[in-house]
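Let's take a walk through this structure, one piece at a time. Have a look at it first, and then we'll start with a single residue.

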Amino acid sequence: MGSRKCGGCLSCLLIPLALWSIIVNILLYFPNGQTSYASSNKLTNYVWYFEGICFSGVMMLIVATVLLVLENNNNYKCCQSENCSKKYVTLLSIIFSSLGIAFSGYCLVISALGLIQGPYCRTLDGWEYAFEGTAGRFLTDSSIWIQCLEPAHVVEWNIILFSILITLSGLQVIICLIRVAMQLSKILCGSYSVIIQPGII
């Protein structure tokens, strides 16, 4: 009972994290609240991977919903044996938690790449990735951020939002890993047997 409540709480936490991921990803399309850069495709290419909107957002909402249904539906039966039903619920929970790790992990990696690459901005040489060759060193040297003339404060905008996406998706990965560990412990520690006895009908 305690593990079910804990699992349900963890699944509930995925929902606000997913919603915030969607919001943060959308904000990346509008530096300083301006829509002109998105319409003219003058944004860093990593925002078009929809890491926060689709994978860490919508897909994680689906995963969280399924996990909540599995945790709360105590009377679920997929076969004649109660032990058999518990087995399939556990396996489904592991599968969807693993999918959650994959979805949020994708967002984590893409956001990290976007953060290291830096923004697409207008410099004295035109529109380019001004810090692409710095291997992320620009993140700790704010004196060179002035190379980006437009959009205004785009460096800070990208750093803050991509960092938030990394944090949100990182938390999702941790939560899903904990859920996988909890479900595996049920099997390995013998909370119930996952092997159906031939004589049980």
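A residue counts as buried when its relative accessible area is under 20%, and as exposed when that area is over 50%. Keep in mind that what you're looking at is a predicted model.

With that cut-off in hand, turn to Val-24, which sits in helix H1 (residues 2-27). Its relative accessible area is 4%, so Val-24 is buried. What does Val-24 touch, once neighbours within four places in sequence are left aside? The answer is Leu-161, Ile-164, Leu-165 and Leu-168. There's also Ile-53 to look at: it is 29 residues from Val-24 in sequence, while the two C-alpha atoms are 8.4 Å apart in space.

Next, find helix H3 (residues 51-72) and helix H5 (residues 154-188), which pack with their axes 12 Å apart and at an angle of about 25°. Angles under 35 degrees count as roughly parallel, and H3 and H5 are therefore roughly parallel to each other. Their crossing is left-handed. On the H3 side, the contact involves Glu-51, Gly-52, Ser-56, Met-60, Leu-67 and Glu-71. H5 brings in Phe-162, Leu-165, Ser-169, Gln-172, Cys-176, Arg-179 and Gln-183. Sorted by class, that makes five nonpolar, five polar and three charged residues.

Finally, there's a hairpin, formed by strands S1 and S2 with two residues between them. The strands run antiparallel, and four bridges join S1 to S2 (residues 126-129). S1 (residues 120-123) has two faces: Cys-121 and Thr-123 are on the covered one, Tyr-120 and Arg-122 on the uncovered one. If you follow Arg-122 across to S2, you'll find Trp-127 as its bridge partner.

Key. Residues are numbered from 1 along each chain as its sequence is written. This is a predicted model: local features need pLDDT of at least 70, side-chain atom pairs count only at pLDDT 80 or more; totals for chains, interfaces and linings use all residues. Side-chain values use heavy atoms; hydrogens and water are left out. Buried means under 20% relative accessible area, exposed over 50%, partly exposed in between (1.4 Å probe, protein chains only). Two strands pair if DSSP finds at least two bridges between them. Axes are lines fitted to C-alpha atoms, for helices over the stretch in contact, and angles run from 0 to 180 degrees between N-to-C directions. Angles under 35 degrees count as roughly parallel, over 145 as roughly antiparallel, 65 to 115 as roughly perpendicular and the rest as oblique. A crossing is left-handed if the near helix is turned anticlockwise from the far one by less than a right angle, and right-handed if clockwise. Contact means heavy atoms within 4.5 Å. Ala, Val, Leu, Ile, Met, Phe, Trp, Tyr, Cys and Pro count as nonpolar, Asp, Glu, Lys and Arg as charged, and the others, Gly among them, as polar.
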